[in-house]
Amino acid sequence: MTDLESLEDEEQILCPRCHSQDCVKNGIVRATQRYRCRGCKSNFSMDFKHRWPHSSKLINLLCYRMGDTIESVSEGCGATPATIDRWHSEAKEHHPWFVRAMAEQALYAFEQENDSVEKSLCDAIGMYAFITARHPDRADEFADLLICELARIANEDFADAYRSFVNSLQSERDVP
């Protein structure tokens, strides 16, 4: 039996980077099965013993920025205050996990909350500004990263709605 055939018997393995299903087992490191994506060549593990999901980091940062003390957020989620402070610093530096979490949030708002593309993007920029304590008008670099990440993870419905939104903006500009 090949590695690929043995993966079919197990739960579906998706590459966290490119979401490809074309993954094979790639050894065991510290008692954790590793996988390799044939598409983007990344190595990854499905067992995240000491990793926080992006959404959990985002929720805890929101609680922290909404006025909870770093100690109370730390106590509530089980992360150390230093970890939460690091997450906050990473958010300000546009760390890939933060951009991904914000893109996932915008996509969720579009798909589940039935928000328009404009509203989901504006809300994501507003949340970015709130978490990082930066003015939304200065979020150009983050907005570019957000759009790139959305292009990677979004479905066709979002892509179509985004194209329509951009076309409407261009049409408004062309009107004298």
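At what angle do α2 and α5 pack, and how far apart are their axes? Keep that for the second stop; begin with the whole chain.

**Before you click**

This is a predicted model, in which local features need pLDDT of at least 70, side-chain atom pairs count only at pLDDT 80 or more, and totals for chains, interfaces and linings use all residues. Residues are numbered from 1 along each chain as its sequence is written, and side-chain values use heavy atoms, with hydrogens and water left out.

**Stop 1: the whole chain**

Show the protein chain as a cartoon. Eight helices and three strands make up its secondary structure. These are DSSP runs (helices H or I, at least four residues; strands E, at least two), numbered from the N terminus. The order along the sequence is α-β-β-β-α-α-α-α-α-α-α. Switch to the C-alpha trace: along its principal axes it spans about 65 × 45 × 25 Å.

Now color by burial. Of the 176 residues, 34% count as buried. Buried means under 20% relative accessible area, exposed over 50%, and partly exposed in between (1.4 Å probe, protein chains only). Contact means heavy atoms within 4.5 Å. Among contacts between residues at least 6 apart in sequence, 47% join residues at least 24 apart.

**Stop 2: α2 against α5**

Select α2 and α5. Their axes lie 9 Å apart, and the helices pack at an angle of about 90°. That makes α2 roughly perpendicular to α5. The axes are lines fitted to C-alpha atoms, for helices over the stretch in contact, and angles run from 0 to 180 degrees between N-to-C directions. Angles under 35 degrees count as roughly parallel, over 145 as roughly antiparallel, 65 to 115 as roughly perpendicular, and the rest as oblique.

Show side chains. From α2, pick His54, Lys57, Leu58 and Leu61; from α5, pick Trp97, Phe98, Arg100, Ala101, Met102, Glu104 and Gln105. By class, this contact has six nonpolar, two polar and three charged residues. Here Ala, Val, Leu, Ile, Met, Phe, Trp, Tyr, Cys and Pro count as nonpolar, Asp, Glu, Lys and Arg as charged, and the others, Gly among them, as polar.

**Stop 3: the nonpolar core**

Which residues have the most contacts inside the largest nonpolar core? Select Phe98, Met102, Phe142, Leu146 and Leu150; the core has 32 residues. Such a core is a set of buried Ala, Val, Leu, Ile, Met, Phe, Trp, Tyr and Cys residues joined through side-chain atoms within 4.5 Å. At least two core residues come from each of α2 (54-65), α3 (70-77), α4 (81-92), α5 (96-111), α6 (117-132), α7 (140-153) and α8 (156-174). The largest share, nine residues, is supplied by α5.

Center on Phe98. Not counting residues up to four places away in sequence, Phe98 touches Leu58, Ala91, Tyr128, Ile131 and Phe142. Apart from this core lies another, of six residues, including Ile13, Tyr35, Cys37 and Phe44.

**Stop 4: α6 with its partners**

Select α4 and α6. Their axes come within 9 Å and cross at roughly 130°. That makes α4 oblique to α6. His88, Ala91 and Lys92 of α4 meet Tyr128, Ile131 and Thr132 of α6. The classes in this contact are three nonpolar, two polar and one charged.

Look for Leu121, Ala124, Ile125 and Tyr128 in α6, facing Phe142, Ala143, Leu146, Ile147 and Leu150 in α7. This contact has nine nonpolar, no polar and no charged residues.

**Stop 5**

Go to His94, in the loop between α4 and α5. Is His94 buried or exposed? His94 counts as buried because its relative accessibility is 12%. Leaving aside neighbours within four places in sequence, His94 contacts Val99, Tyr128, Arg134, Glu141, Phe142 and Leu145. Check the backbone too: His94 has a positive phi of about 60° although it is not a glycine. Most residues other than glycine have a negative phi.

Move to Asn114, in the loop between α5 and α6. Asn114 also has a positive phi of about 60°. Asn114 is exposed, with a relative accessible area of 65%.

Finish at Thr80, in the loop between α3 and α4. Thr80 counts as partly exposed, at 43% relative accessibility. Draw a distance from its C-alpha to that of Ile70, 10 residues apart along the chain: the separation is 8.8 Å.
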